[in-house]
Amino acid sequence: MQDSSTNHFALFGLPAAFAIDTALLDQRYRQLQSEVHPDKFAAASSTEKLRSMQWATSANEAYRTLKNPTARARYLLELQGVHTDEESNTAMPTDFLMQQMEWREAIEEARDAKDLDALDSLLKEIQTAAKTLQQDLEHQLGEESAELTAAAGSVRKLSFVDKLREDILQSMEKLEA
Amino acid sequence: MALLQIAEPGMSAAPHQHRLAVGIDLGTTNSLVATVRSGMSTVLHDEKGHALLPSVVRYLADGAIEVGYAAQAQQSHDPQNTIVSVKRFMGRGLNDLADQAHIPYRFIDAPGMVQIDTRAGIKSPVEVSAEILKALRLRAEKALGGELTGAVITVPAYFDDAQRQATKDAARLAGITVLRLLNEPTAAAVAYGLDNGSEGVYIIYDLGGGTFDVSILRLSKGVFEVLATNGDSALGGDDFDRRIFCWILEQAKLPPLNAEDTRLLLTKAREVKEWLTEHHEVQITSVLSNGDVVNLTLTADQFVELTSHLVAKTLNPTRKAMRDAGLTLEDIKGVVMVGGATRMPHIRQAVAEYFGQEPLTNLDPDKVVALGAAIQANVLAGNRSDDDLLLLDVIPLSLGLETMGGLVEKVIPRNSTLPVARAQDFTTFKDGQTAMSIHVVQGERELVSDCRSLARFELRGIPPMAAGAARIRVTFQVDADGLLSVTAREQTSGVESHIVVKPSYGLSEDTITGMLQSSFAAAESDKQARALREAQVDAQRLLEAISAALQQDGDTLLSPEERAAIEQEMQALQTLITQDDSHAITRAVDALNHATETFAARRMDASVKQAFAGQNLNSLEI
């Protein structure tokens, strides 16, 4: 559509890298929305209103992608022509799969026992695992190394971990309801 | 030094004149209207000095309609024709109303939205709400001395698409141009944050008459960013009244009551609740229509016990919102209490205990929402020159599509920042399938039957292909009001289908037109006069908007030829405005909009560049 929206990083004037300055991202996002948001065009012509909605929508989409580490890594790989294929490529190292199963069982147990505290500590454990994978990505997507295949593998693992996190949150929600 | 410009007396300095814009809090129990005067947001009072307008509408025997205190005074005597808490019925079907046994109305189960049978005929909740809005519009126009440019109307953050659409329809019926639907907690945050110059993460705990919302916002240099919102659109102060009401029935061993006595005791229950905010006990005395006397004593402690489960019910959405925002209690800078029901001491105490800090109550919880809405209205109307206020709100409930087996495929997750668009590809199930039915739902549950149905529509004319070969891309766009439109497109053939979601729970365009006509006495000439007036106002607005844009950027962004082409269309429209052909005006408006497309695109690009002006743009080539 527009020059600066050819990629999400450029839209916010940020270098295309996994390690980004999130405070700067937040600031640039707010700056951009301050210019393009529909509220700034409430008295404008319908043509300008439509433009504004499209721009604000793109800004939100770009921000959402860059803000989330998994989505950011996936997007960065796509820009370099590497698809993470999370739906079709489910081959995982055995130790990671074992860990997965252990976590799943633990979640189920805690859910059946209606043990909110257990779920909460599982949540923390999984968040730590996600942090480690993100650190791997920082290295794999770094300028010196650029191990793109390994990075794609880390993104697939992170997706698994994100899904577990969702499951825990949903279980907690159901228990509280 | 810049010289001040002063217009000749009697000449307006258009288009920089002050536009009359208001914020309206359309509440379950009370409604308010506020505006910004000399830089200060203030609530507008009625002739008797009342700030609140009770959200009560009474249809009288002689065809007249009373709104507010006059209607409220009669609610026990004329319960079936006096509608209170109509907000609870907005965008709701009969089976959505859990407690209809205690509501003294003759409900009619209509497709989409429940209706109420009154002596003035069958009324939709939209029409009843429109009466309240009309009363507020008249109050504002009287106080401000002119026709309103528009209004920001607040809705509970947890309102779904059907409830939002119903609110917007009611405003239209009341002759109000809606500048924006604004979420109540966000409005409160604006009023609160601007007053206090706050920065950081704040919780808005908003317990109104009939709805509960909790929103988490990050305030930073005039930007109000909603991180997460949650709530219960059927939980509010009314439920506390109802607990007292039921307690009275049990204690006094009363048989099922008639409509008058039900209303009498519900009103009494509300007074009891309010009294217990500042007292330890209350004497309840009421004389029923058959002469029986109710005489009971309720202590504050008993009241706390009776309603503790309701208080607990507000903490679940609070926890969910905290988790969605990915925050812990230490991140919270302050908790703001909004809504009259937060005056109850045990609510304040529960919130203080949960967050480990005393909630902020320094703004009147009844007025703060209207005050914030007025500030936003003032900005949207273009009156504020130091343009530093921006609200970034979210969609409260996930949007999805029905897939095989009655399951929901989520397309836009809750708490996505607005405006948002998301596309999802679907394919055909059978060989040679040429049509596909699309069912849009809203909610968090996995089964379609547990979510709210928003709309169904069909995409026809898919070229016959093998099963799974067609590619149907469905795009959801949710605008800044939180309202949805859906487009479906078959990718290989380009067959397209577009709807603005309305059918299942909103009112159809025909119904609205019908209501508008009947409310304007339906004479054909009136209808035409109204259409003409609307077209003229729209055209005038467009001309003003484009003149302002040309003045600002016409020289820098347009070639003389391009500018001339736009000015020619403006001239054409200007000539038509004074004539009485509404269709011709509408056509000229469309033509002018079309002529300014390139200009609009360039202006937007220039704005974006300006956002990062002076910064080093590292747009990397990849």
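User: Where is the place of B:K253 in chain B, between which helices?

Analyst: This is a predicted model, and in it B:K253 sits in the loop between α5 (237-251) and α6 (259-276) of chain B.

User: What is phi of B:K253, and is the residue buried or exposed?

Analyst: Most residues other than glycine have a negative phi, and most peptide bonds are trans. Phi of B:K253, however, is near 50 degrees, which is a positive value in a residue other than glycine.

User: Where is B:S85 found, and what is its phi?

Analyst: B:S85 lies in the loop between β7 (82-84) and β8 (106-108) of chain B, and its phi is also positive, near 50 degrees, although the residue is not glycine. With 19 other C-beta atoms within 10 Å, B:S85 is partly exposed.

User: Which residues does a cis peptide bond join in chain B?

Analyst: The cis bond joins B:L418 and B:P419, with omega at about -5 degrees. B:P419 belongs to the loop between β21 (407-412) and β22 of chain B.

User: How many helices and strands are there in chain B, and how many of its residues are buried?

Analyst: Chain B holds 14 helices and 27 strands, and buried residues make up 44% of its 622 residues.

User: How should I read a helix by its length, taking α7 (148-176) of chain A, and which of its residues are buried?

Analyst: One compares the distance between the end C-alpha atoms with the span expected at 1.5 Å a residue, and for α7(A), with 29 residues, the reach of 42 Å is close to the expected 42 Å. Its buried residues include A:A151, A:V155, A:L158, A:V161, A:L164, A:I168 and A:M172. An α-helix has 3.6 residues a turn, so residues three or four places apart point the same way. The buried residues of α7(A) pack against α4 (69-79), α5 and α6 of chain A.

User: At what angle do α5 and α6 of chain A pack?

Analyst: Helix α5 (residues 94-112) and helix α6 (residues 116-140) of chain A pack at about 160 degrees, with their axes 9 Å apart. This angle makes α5(A) roughly antiparallel to α6(A), and α5(A) passes α6(A) in a left-handed crossing. The contact is made by A:W103, A:A106, A:I107 and A:A110 of α5(A), together with A:A118, A:L119, A:L122 and A:I126 of α6(A). Sorted by class, this contact has eight nonpolar residues, no polar and no charged ones.

User: How many residues of chain B are in contact with chain A, and which element supplies the largest share?

Analyst: The contact involves 42 residues of chain B and 39 residues of chain A. On the side of chain B that touches chain A, the largest share, 10 residues, comes from α14(B). The residues of that side divide into 24 nonpolar, 11 polar and seven charged.

User: What do the buried residues of α2 of chain A pack against?

Analyst: They pack against α3 (46-67) of chain A, together with β14 (212-220), β15 (223-232), β19 and α14 of chain B. The helix α2 (residues 22-36) of chain A has 15 residues that should span 21 Å at 1.5 Å a residue, and its end C-alpha atoms are 21 Å apart, which agrees.

User: At what angle do α3(A) and α14(B) pack, and which residues make the contact?

Analyst: The two helices pack at about 40 degrees with their axes 9 Å apart, which makes α3(A) oblique to α14(B), and their crossing is right-handed. The contact is made by A:T47, A:E48, A:R51, A:S52 and A:W55 of α3(A) and by B:E597, B:A600, B:A601, B:R603 and B:M604 of α14(B). These residues divide into four nonpolar, two polar and four charged.

User: Is A:W55 buried or exposed, and which residues does it touch?

Analyst: A:W55 counts as buried, with 27 C-beta neighbours inside 10 Å. Leaving aside residues up to four places away in sequence, A:W55 touches A:V36 and B:M604.

Notes: Residues numbered from 1 in each chain as written. Chains lettered and ligands numbered in written order. Predicted model: local features only at pLDDT ≥ 70, side-chain atom pairs only at ≥ 80, totals over all residues. Contact = placed C-beta atoms within 7 Å. Helix = DSSP H or I, 4+ residues; strand = E, 2+ residues; numbered from the N terminus. Nonpolar A, V, L, I, M, F, W, Y, C, P; charged D, E, K, R; others polar. Axes fitted to C-alpha atoms, helices over the stretch in contact; angles between N-to-C directions. Parallel < 35°, antiparallel > 145°, perpendicular 65-115°, else oblique. Left-handed = near helix turned anticlockwise from the far one by under 90°. Expected span 1.5 Å × (residues − 1). Buried ≥ 20, exposed ≤ 12 C-beta atoms within 10 Å, placed from the backbone.
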